[in-house]
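Thanks for coming. I'll go through a few places in this model one by one, with the structure on the screen.

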Amino acid sequence: STGGRWSETGLQPSAHLAVPAIFSLSKEHRFRFFCAPVDTTAREQRYMSGHYFFEYLVVVSLKKSKEGAYEPQITYQFPKRDGMVRFQKEEEEKTLKAITLFCFPEGISWAPLTEYHSETFSFVLTEIDGSRRNGYCRRLLPHGNGARPPEAFCIISRLACFGLFSKIFDEVEKRHQISMAMIYPFMQSLREAAFPAPGNTVKIKSFVPDKGTEIISLTRPLDSWLEHVDFRTLFRCLTNEEVVLVFAAAVMERRIVFIAVELSTLSQVIHAVAALLYPFTWQHTFISIVPEILIDVVMAPTPYLLGVQKRLMDQVTDQTDIGDEKSILPPKLQDEILQALRNRKEKSTVEELNSVVSEAFLPFFVKTVGHFDLYVTRNSKGQPGVFQSRAFYKTIKSKTTRHFVKKFLQTQMFDLFIQEVEQQPASPQQGIFHKKIVEYQEQKKKEKAKKRH
């Protein structure tokens with residue numbers, strides 16, 4: 001890494017970390033499970049009022065070095081940062097260097113092209129303090145004649161909303177076809193606009209030659225915890241059963257590697273897997289597309305979610321063992337997830353599929369750990385609460401569920417989740433997870449009442 005730029009958060013060794021789980025997402029959408037793990041859903045974000053849409057827009061071009069190889073370099077940056085002190089300049093240089101690596105993770109193995117299929121993907125920059133910034137990238141062939149290397153447009157933002165930024169790229173690309181100078185006023189208007197609340201729309205005015213002033217509407221999805229996610233690629237590449245295996249490995253914070261040809265496939269699948277964990281957040285190394293120069297990260301002994309291009313597969317592992325993923329989740333609850341996923345239609349919209357998937361996986365956490373708040377003891381002096389973990393899992397009647405929960409309590413994602421709960425005052429909780437908990441508890445009460453009669 002460059003100056004610790006990709007330092008992962010909380011490097012806590014997991015109990016079983018000998019071999020990573022490797023999932024191949026091939027072009028034919030066939031799935032191969034090469035070896036067993038023996039080891040973006042991001043918690044609902046609450047954006048500050050007036051938060052910028054983005055921090056940077058940069059163009060990364062491939063320039064020929066003296067040795068004849070192509071190296072990624074930033075050829076356009078908006079906005080330019082002036083008046084920074086030395087350490088700020090150093091931090092910005094590290095960020096910009098990181099951006100070039102993630103926009104062209106293949107390294108220097110490029111040649112001029114006459115045709116190139118435009119693709120959009122995303123990556124995450126993790127700071128040393130654990131905070132994360134999202135990188136949205138669109139690679140395309142620049143205008144011109146003859147063979148030429150592709151270039152990348154990249155937006156860096158604290159905000160996670162892949163669909164919305166894809167639409168922004170459409171507007172940037174449209175203006176780029178006219179002139180680079182047309183991009184600046186559009187991005188300036190965007191930067192001055194307030195980021196909308198979930199379900200709301202912001203309108204951006206922008207002038208385009210021959211078309212006049214255009215109004216561009218940018219709408220945030222209502223379910224903000226799913227706005228960075230499109231599950232279609234995940235379910236196109238993997239079967240329902242395979243998705244459940246991946247979920248099981250992720251819940252236990254194993255080392256997981258996905259392999260695919262296309263960058264967009266890798267980034268969409270990895271963000272989708274992270275979203276399955278809602279209301280918990282993946283706390284370890286998360287690199288949706290591993291640059292070739294960082295491929296040694298697969299040797300790390302700590303948990304990770306990694307996306308690796310197929311051409312680097314030989315450098316990842318030669319293990320072919322089968323793991324214990326089928327036995328991690330309580331069998332009854334695993335069957336319930338699979339049953340819910342069968343409600344998926346072949347040609348679902350993004351919203352329809354998101355709804356089916358959330359209805360499949362969220363109840364799993366409601367039923368296994370949804371009673372957590374009953375076991376946080378608080379005093380009247382306003383001190384932080386204390387979670388009674390032993391009493392919490394001992395109250396679970398099902399032996400298989402209790403066995404799973406006892407292991408899940410040891411994960412970093414649950415530990416940080418419960419720490420946040422302990423710090424919060426004893427007041428009604430907000431969010432879709434807590435809403436589902438209340439609904440489930442009401443349902444159980446009704447069932448008990450029926451049995452009495």
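Leu 226 is buried, because its relative accessibility is 4% and the cut-off for buried is under 20%. This is a predicted model, so please take every number in this talk as computed from the prediction. Leu 226 sits in the loop between strand 9 (212-219) and helix 4 (232-237). Setting aside neighbours within four places in sequence, the residues in contact with Leu 226 are Phe 231, Asn 354 and Ser 358. Asn 354 is 128 residues away along the chain, yet its C-alpha atom is 7.2 Å from that of Leu 226.

Next, a helix pair. Helix 5 covers residues 240-251 and helix 8 covers residues 350-369; their axes come within 13 Å and cross at roughly 35°. The crossing of helix 5 and helix 8 is right-handed. Which residues meet there? From helix 5 we have Val 243, Phe 247 and Val 251, and from helix 8 Phe 361, Phe 364 and Phe 365. Sorted by class, this contact holds 6 nonpolar residues, with no polar and no charged ones.

Glu 253 lies in the loop between helix 5 and strand 10 (255-260). Its phi is positive, about 55°, although Glu 253 is not a glycine. Is Glu 253 buried or exposed? At a relative accessible area of 4%, Glu 253 is buried.

Now Ser 288. It is placed in the loop between strand 11 (285-287) and strand 12 (304-309). Ser 288 has a relative accessible area of 0%, so it counts as buried. A polar atom of the Ser 288 side chain lies 2.7 Å from the backbone oxygen of Ser 122. Beyond neighbours within four places in sequence, Ser 288 is in contact with Ser 122, Phe 123, Leu 266, Ser 267, Ile 270, His 271 and Gly 307.

Trp 110 is another loop residue, found between helix 1 (86-103) and strand 5 (119-126). With 16% relative accessibility, Trp 110 counts as buried. What does Trp 110 contact, leaving aside neighbours within four places in sequence? The list is Leu 62, Tyr 70, Phe 104, Tyr 116, Arg 139 and Pro 150. For Tyr 70, which is 40 residues from Trp 110 along the chain, the C-alpha separation is 6.2 Å.

On to the cysteines. How many disulfides are there? The count is 0. Cys 103 is buried, with a relative accessible area of 0%. Cys 237 also counts as buried, at 3% relative accessibility.

Last, two cis peptide bonds. One runs from Phe 78 to Pro 79, with omega near -5°. Pro 79 lies in the loop between strand 4 (70-78) and helix 1. Another cis bond runs from Tyr 278 to Pro 279, with omega near 15°. Pro 279 is in the loop between helix 6 (263-275) and strand 11.

That is my list; I'll take questions now.

Technical notes. Residues numbered from 1 in each chain as written. Predicted model: local features only at pLDDT ≥ 70, side-chain atom pairs only at ≥ 80, totals over all residues. Heavy atoms only, no water. Helix = DSSP H or I, 4+ residues; strand = E, 2+ residues; numbered from the N terminus. Buried < 20%, exposed > 50% of the residue type's maximum accessible area, 1.4 Å probe, protein only. Polar contact = N/O pair within 3.5 Å; in protein donor to acceptor, adjacent residues only side chain to side chain. Contact = heavy atoms within 4.5 Å. Axes fitted to C-alpha atoms, helices over the stretch in contact; angles between N-to-C directions. Left-handed = near helix turned anticlockwise from the far one by under 90°. Nonpolar A, V, L, I, M, F, W, Y, C, P; charged D, E, K, R; others polar. Disulfide = S-S within 2.5 Å.
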